[in-house]
Amino acid sequence: MEASMPAENGDVVDAAGDQSAIKHARIPYTLWTNMGNGCLNVPANNPEVLGLTEERSDYDITVKFFLLPKTLFSDWRRHLQDAIAAVLQELSVDSVDLLITSFPGVSFDVDSEEKGGCGSNKIQATEPELIDAIMDVWGAVETMHKKGVALKTGVAEFGCERLKELLSRAHHRPMVNQINVRDACEVPQPIMDLAKQERIELLTHNDCTNILPQGTLRDLLGSGPNGAGVLASPNVGNKGLDGDLNPEWVVKYTAVVRDRGVIEHKGYFASVDLAQQATV
């Protein structure tokens, strides 16, 4: 497919935003996307996935799964299963070395942990539904570990109280807790002590707390100068999809060659629900 193919509905813009100087040609999205299992794949799935170039045992594969705000608790387990299936298919493997799960509404508070220790940041009375939903997802994680799909498992942003709650209810305990200390120079001592006591590896990260903002997503898929042209735009008049975008999950994966420390594969998958408006 040539990138210079004429657009279905080309628009003309210049650096100042005038639609008169530079022709912005766009390939119709129907030519580079495809449908699969009732979903639109953007871009199309490659039926000839090459996967890893060396033996599976030569790699460390890390996956971080982000559940996004406003998703239904009842869908969380399915979202996790869909995300892991996408990564396994992309890399042509049947397991990952580390699976970390990040939940919406759960963030590590450095100040709270430092001031009150493991007695701080107590789980609020309004959180039982969230905790039950977390445990339901963790049940799916435990199944993946039991089947050898996830060799090590962990969570992200768990403070002392949430971590102790998970430890008290889980059959398979998390092996990793990944936290973002942001501008703090050191990890608070209480969470370090708990991790050491429970033999949990404590890792830090700098992932965005809002990894897929709804506005950014619309810009990426929209019909503006930098958009993919998947979504319809009344200003452009293209034949894209119309509706409200609801981001559901994001999964990040990396495959590192152990002996050389080289990242051979790194990428993201995201799932978005398009709620089309009913016609009257």
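Colleague: Which element supplies the largest share of the lining of the second largest pocket?

Modeller: In this predicted model, local features need pLDDT of at least 70 and side-chain atom pairs count only at pLDDT 80 or more, while totals for chains, interfaces and linings use all residues. Residues are numbered from 1 along each chain as its sequence is written, and side-chain values use heavy atoms, with hydrogens and water left out. A pocket is an open set of points, on a 1 Å grid over the protein atoms alone, where a 1.4 Å probe fits and protein lies on both sides within 12 Å along at least five of seven lines; lining residues have an atom within 4 Å of a point. For the second largest pocket, the largest share of the lining is four residues, and they come from β10.

Colleague: Which residues lie nearest the centre of the second largest pocket?

Modeller: By class, its lining divides into seven nonpolar, five polar and five charged residues. (Ala, Val, Leu, Ile, Met, Phe, Trp, Tyr, Cys and Pro count as nonpolar, Asp, Glu, Lys and Arg as charged, and the others, Gly among them, as polar.) The lining has 17 residues, and those nearest the centre are Pro69, Lys70, Thr71, Asn246 and Pro247.

Colleague: Which elements give two or more residues to the lining of the second largest pocket?

Modeller: Helices (H or I, at least four residues) and strands (E, at least two) are DSSP runs, numbered from the N terminus. The elements with two or more residues in this lining are α1 and β10.

Colleague: How many residues does β11 give to the lining of the largest pocket?

Modeller: This pocket is lined by 42 residues, with Leu40, Asn41, Val42, Ala270 and Ser271 nearest its centre. Elements supplying at least two lining residues each are β3 (34-36), β4 (39-41), α1 (76-91), α6 (214-221), β10 (244-257) and β11 (262-275). The most comes from β11, and its number of residues is seven.

Colleague: Is asparagine 246 buried, partly exposed or exposed?

Modeller: Asparagine 246 lies in strand β10. Buried means under 20% relative accessible area and exposed over 50%, with partly exposed in between (1.4 Å probe, protein chains only). At a relative accessibility of 33%, asparagine 246 counts as partly exposed.

Colleague: How many Å apart are asparagine 246 and leucine 274, C-alpha to C-alpha?

Modeller: Leaving aside neighbours within four places in sequence, asparagine 246 is in contact (heavy atoms within 4.5 Å) with Gln214, Val272, Asp273 and Ala275. In sequence, asparagine 246 and leucine 274 are 28 residues apart, but in space their C-alpha distance is 6.3 Å.

Colleague: What arc do the buried residues of helix α5 cover around the axis?

Modeller: In α5 (residues 189-197), the buried residues are Pro190, Ile191, Leu194 and Ala195. They lie on the same side of α5 because the arc they cover, taken from the directions from the helix axis to the C-beta atoms, is only 130°.

Colleague: What is the phi of arginine 199?

Modeller: Arginine 199 is in the loop between α5 and β9 (201-204). Arginine 199 is exposed, with a relative accessible area of 79%. Although arginine 199 is not a glycine, its phi is positive, about 60°.

Colleague: Near what value is the omega of the peptide bond from valine 42 to proline 43?

Modeller: Proline 43 lies in the loop between β4 and β5. The bond from valine 42 to proline 43 is cis, and its omega is near -5°.
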